[in-house]
Amino acid sequence: MGSFVKEETSSLMTDFLENCGGYAVVDGGFATELQRHGADINDPLWSAKCLITSPHLVTKVHLDYLESGANIIITASYQATIQGFVAKGLSVEEAENLLRRSVEITYEAREIFYNRCTKGSWDFAYAGKASRRPILVAASVGSYGAYLADGSEYSGIYGDSVSKETLKDFHRRRVQILANSGADFIAFETIPNKLEAEAYADLLEEEDINIPAWFSFTSKDGVTVPRGDSVVECAKVADSCKKVVAIGINCTAPRYIHDLIISLRQVTRKPIVVYPNSGEIYDGLNKKWIRSEGESEEDFVSYVSKWRDAGASLFGGCCRTTPNTIRAIAKVLSDESPATAKPKFRQ
C-alpha cells in the first residue's frame, strides 16, 4: 500500500500536465478579488474571514477563475489556522471544520462549473468530445508569518525563539486536516525562509501525508527568499522531499521570475510553478499596496512565453492579479501550445 501511495503521489502532477497538453493554468489573486466583490477582510484572518462571514463570495471568486481558464484552484485557507480561528472565539472543532469547508467550497465551485459546461459551453467543444477540462483543487497553507499578521510573512524573520519544532507543531494539525479533506494536493505558499520549508518537508514525511504537495517560495530580489536564504538552497529542500511534486515561486515581482526559474532548474527536474503578484509591493506594517513603476498587467502576460521557455510549466497569478490576468495567460498558452488542438483527457 505504501509504495502504491508513493507512486500515485509522484505521478499526479506529471500526469495532470500531460492531460492539460503540457502546461497548466493556476488561478490568481484571491483576497483582492474578494474585496472587489465587497468583502471586508481587514482582519488577522484576512481572506479566511470569508469562510465564516461570506462563503458565497469565496465560491464566486473560484468560479470567476474557473471561467477564466484555470486548471488549478487554490482554497481560501492560506491564512486559515486553528490558532487564528480560536483567537477569534471559535472552538477547535469549529476551526477544524472551517478548514475542511474551505476544500468543500472549492469542490462545489468546480462542480457548478462542470455543470455549466454540460449545457454547451466552449469547455466541452474545444476538446472535440464531451470531456471535462482537467481541474485540480489545491489546499493552501500559508506561513507562520501569515498567521502572525504582522508583516513577518514578507520578511521571514520570526525571532530566535521560533525553531523548526515550533513551526512543525504550529502547522501539524492543519496539514493533517487538509490532507484528509479530499484536496488533490497541498500548496505550501509564499514560503519566506528555509527553516519553514524544512519544517514542511519533515511534516510530510513524519505524518505520512498521503497526498502530494508543492512548495512555492517568495523573493524580493530574484536570488534569495525574504529571510536571506538562497532560493537555490530552499529549492534543494523541496527537491529532496519525495512528496513534493512541483516547486515554484509566488508573490514575487514578475521581473524576477525568469532568473528564478533558471535557478530552480539548476537543482530540480520537478515541474516548476510560477504565480507572481502584479509587481506592486506590499507594505506589511501599514497593510497597503505600493504601486511599482514599470510593470503592468500587459507586461506580466507578455512574460509568460519566456517563463515557459525557461522551464516553467504551471502559470498563474498571486496578489493583485485578476481573472482577466488568468484569462490572458490561458490564451497565451492555448495559442502557443503544440498540444492545444487535441489534448488528452481521462474520464
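Threonine 106 is in contact (heavy atoms within 4.5 Å) with His62, Ile73, Thr75 and Val137, when residues up to four places away in sequence are not counted. The structure is a predicted model, in which local features need pLDDT of at least 70, side-chain atom pairs count only at pLDDT 80 or more, and totals for chains, interfaces and linings use all residues. Residues are numbered from 1 along each chain as its sequence is written, and side-chain values use heavy atoms, with hydrogens and water left out. Threonine 106 belongs to helix H6. Threonine 106 counts as buried because its relative accessibility is 0%; buried means under 20% relative accessible area, exposed over 50%, and partly exposed in between (1.4 Å probe, protein chains only).

The chain contains 14 helices and 10 strands. Helices (H or I, at least four residues) and strands (E, at least two) are DSSP runs, numbered from the N terminus. Of the 347 residues in the chain, 60% are buried. Among contacts between residues at least 6 apart in sequence, 77% join residues at least 24 apart.

A nonpolar core is a set of buried Ala, Val, Leu, Ile, Met, Phe, Trp, Tyr and Cys residues joined through side-chain atoms within 4.5 Å. The largest such core has 86 residues, and those with the most contacts inside it are Phe85, Ile186, Phe188, Phe215, Phe217 and Trp307. Helix H6 (residues 92–117) gives the largest share of this core, 10 residues. Another core, of 22 residues, lies apart from it and includes Met13, Phe16, Ala138 and Cys319. Phenylalanine 188 is in contact with Val141, Val175, Tyr200, Leu204, Ala213, Trp214, Phe215 and Ser216, leaving aside its neighbours within four places in sequence.

Valine 237 is placed in helix H11 (residues 231–240). The C-alpha atoms of valine 237 and phenylalanine 215 are 9.5 Å apart, and the two residues are 22 residues apart in sequence. Valine 237 has a relative accessible area of 12% and is therefore buried. Its contacts, neighbours within four places in sequence aside, are Lys194, Ala197, Glu198 and Ala201.

A cavity is a set of points, on a 1 Å grid over the protein atoms alone, where a 1.4 Å probe fits but cannot get out; lining residues have an atom within 4 Å of a point. Grid points are joined across faces, edges and corners, and a volume is the space filled by probe spheres set on the points. The count by this rule is one cavity of 30 Å³ or more. The largest cavity holds about 300 Å³ of space. Its lining has 24 residues, of which Phe30, Trp46, Tyr78, Glu189 and Cys318 are the closest to its centre. Helix H2 (31–36) and strand E4 (185–191) each supply at least two residues of this lining. By class, the lining has 11 nonpolar, nine polar and four charged residues, where Ala, Val, Leu, Ile, Met, Phe, Trp, Tyr, Cys and Pro count as nonpolar, Asp, Glu, Lys and Arg as charged, and the others, Gly among them, as polar.

An unreviewed UniProt entry places the feature "binding site" at Cys251, Cys318 and Cys319. These residues are spread over 69 residues of sequence, but they cluster in space, with a largest C-alpha distance of 6.4 Å. Cys251, Cys318 and Cys319 are included in the lining of the largest cavity. UniProt positions are given in the numbering used here, feature names are shortened, and annotations may be inferred rather than shown by experiment.

Cysteine 318 is found in the loop between strand E10 (314–315) and helix H14 (323–336), and cysteine 319 lies in the loop between E10 and H14. Cysteine 318 is buried because its relative accessibility is 12%; cysteine 319 is buried at 9%. Not counting residues up to four places away in sequence, cysteine 318 touches Gly28, Gly29, Asn250, Cys251, Tyr275, Pro276 and Asn277.

Arginine 320 is likewise found in the loop between E10 and H14. Arginine 320 is partly exposed, at a relative accessible area of 33%. Most residues other than glycine have a negative phi. Arginine 320 is not a glycine, yet has a positive phi of about 70°. Threonine 190, in strand E4, has a positive phi near 50°. The relative accessibility of threonine 190 is 3%, so threonine 190 counts as buried.

Terms used. On a 1 Å grid over the protein atoms alone, a cavity is a set of points where a 1.4 Å probe fits but cannot get out, and a pocket is an open set with protein on both sides within 12 Å along at least five of seven lines; lining residues have an atom within 4 Å of a point.
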